[in-house]
Structure formats: structure tokens, C-alpha cells
Amino acid sequence: MQLNEPYLVIDLNDNKIIFFVVLFSEKKDFKVLKKIVLETTGIQNGRIINIEAVSQLLKKTITLIEEDINYYFSNTTVIINPNQINCLNVSGYKKLNGSQVSNKDIVYILNDIKKFILDSENNYSLVHLFNSNFSLDSDNLENLPIGLFGEFYNQNMTFFLVHKNILKNIKSVFNNCGLNIEKIVLKSFVEGIYLLSNNKSDKNFTILKLEKNRISVSLFKNKSYVFAEEFSFGFNLII
């Protein structure tokens, strides 16, 4: 992503594809240059169910956008909203015995737990990983305590995993369009970041989304995404 150049973001929503062309500035804010919302039968419950239909729609729309703004895209960020997200909260620790917390300690804990998670959940791929809490000798801290002395360091992490087949289908579609996916992000995370950017004093909140065929719950704690749950029913059952 280059500053002050158009950038393409594609939201694969339920039964819809939303195209955003945005421009990022040095101040890390952005301006939406173009937005297109199209309906498609190729996506259902956040999953691609027709690769050819979605590929053709993407190709056609991206070509029209490129011709309109006279700019050609090779990379994109994709927002996904699958109905199955595997959310795991894990705690890692190290006994310090009076020594300093080092960057190597943090990396070791992270990589060790990450390997264990991915080996255990071998049908899933990691989409997001967040550090949700740090504590040194039972004192909760807002930032990594690198360089501080202590006896016991504890770090809480949240892993968000999506089934590999869901991601394979998405990558297949974008390969057909000649687009490189720079990043895949969950829609629930984007919605949480949007709320945080507009309400900076709110560190802890819950997002409850009621849709026709699904209900989703997202929990943010200390500005970190720590929990997600999906239910395969929605307000269509409310009578």
C-alpha cells in the first residue's frame, strides 16, 4: 500500500460484494474515492459458493473502476465475514527469577503457542492474533514490559482462525482476477476498529449483530479483540 495512491479494499459480505477505493495520507487517515455495492448469488453466509460467478463479477467491476479512475490495481485487502470463526484465548508465561523481560522472551512465548495452536487446529489458518493482556508479578500493564525486572511474566493472546477451505476459495477467486491479496481481515474486527476510532474513550464494549439468518457477538477488552461467537439463526426465528 502506497500513501497518496488509490488502494482497493473488497468486502465479501453475505450475498454482496462491496468495493472501496481509498486514499491514505501521511497522517494515517483516509478518504473514500469510490464505493460500489453489488449483489451476488456466489456468496452465502460469508462463504464463496460459486468461484466462477464471483471471479467474473470481480473482474468486470475492477476493470470498470480502473478505467474510471485511470489507475490499475495489483494488490488488495479483503474483508471477510464467514459464519464460522474459531476464537481461542491462550495464556503464555515465563519464570524470570529476577531477570529482565526481553524481546526474545516475548517472541519465544508467541511462537511456541502459535505453533501449538496451528498444529492442533490443522484444518484452520490464522487470520488475526492479538495480545490482549500483559502482567508482570500479577500487575496488569498496558504495554509490553520489555526491560523490566520481575519474577513471573504472563501474556494473554487471542487467536482468530478460519477454515482453510474458506480461504482457499477466496484466494482462488483473486488468483483468477490477477490480484494479490495483501491482507485478509475479519469484518467484525473492522467494525470494532471503526467504533474505537470514533469513541476513543471506550476501551471495553460488545458488538451484537442481529441478522436474518445469523447472530454474531464480538467482545473488545482494553481495545483488543478478545472474543467472537456466531449462531446459525437470526431474527427470522423471533415471533
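**View 1. The lining of the largest pocket in this predicted model, sorted by residue class.** Nonpolar residues number 15 in the lining of the largest pocket, alongside five polar and seven charged ones. The space in this pocket comes to about 1100 Å³, and among the 27 residues that line the pocket, F24, F30, I79, V190 and I193 are the closest to its centre.

**View 2. The elements that supply the lining of the largest pocket.**

**View 3. The open sheet of three strands, β12-β13-β14.** The strands follow one another in the order β12-β13-β14, and their pairing is antiparallel. Because β12 (205-210) and β14 (224-231) stand at the edges and each have a single partner strand, one side of each is left without a neighbour in the sheet. Neighbouring strands of this sheet are turned against each other by 10° on average, if direction is ignored. In general, the strands of a sheet pair through backbone hydrogen bonds, in either a parallel or an antiparallel way.

**View 4. The pairing of β13 with β14.** Strand β13, made up of residues 215-221, is joined to β14 by seven bridges, and the two strands run antiparallel. Within this pairing, K221 stands opposite S224 in β14, and S224 is also one of the residues that line the second largest pocket.

**View 5. The second largest pocket and its lining.** This pocket has a volume of about 200 Å³, and its lining consists of N131, S132, N133, F134, N140, L141, E142, K203, N222, K223 and S224. Strands β8 (124-136) and β9 (139-141) each supply at least two of the lining residues, and the largest share, four residues, comes from β8. Sorted by class, the lining of the second largest pocket holds two nonpolar, six polar and three charged residues, whereas the lining of the largest pocket has 15 nonpolar, five polar and seven charged residues.

Definitions and conventions:
Residues numbered from 1 in each chain as written. Predicted model: local features only at pLDDT ≥ 70, side-chain atom pairs only at ≥ 80, totals over all residues. Heavy atoms only, no water. Pairing = 2+ DSSP bridges. Axes fitted to C-alpha atoms, helices over the stretch in contact; angles between N-to-C directions. 1 Å grid on protein atoms, 1.4 Å probe; cavity = no way out; pocket = protein on both sides within 12 Å on 5 of 7 lines; lining within 4 Å. Points joined across faces, edges and corners; volume = space filled by probe spheres on them. Nonpolar A, V, L, I, M, F, W, Y, C, P; charged D, E, K, R; others polar.
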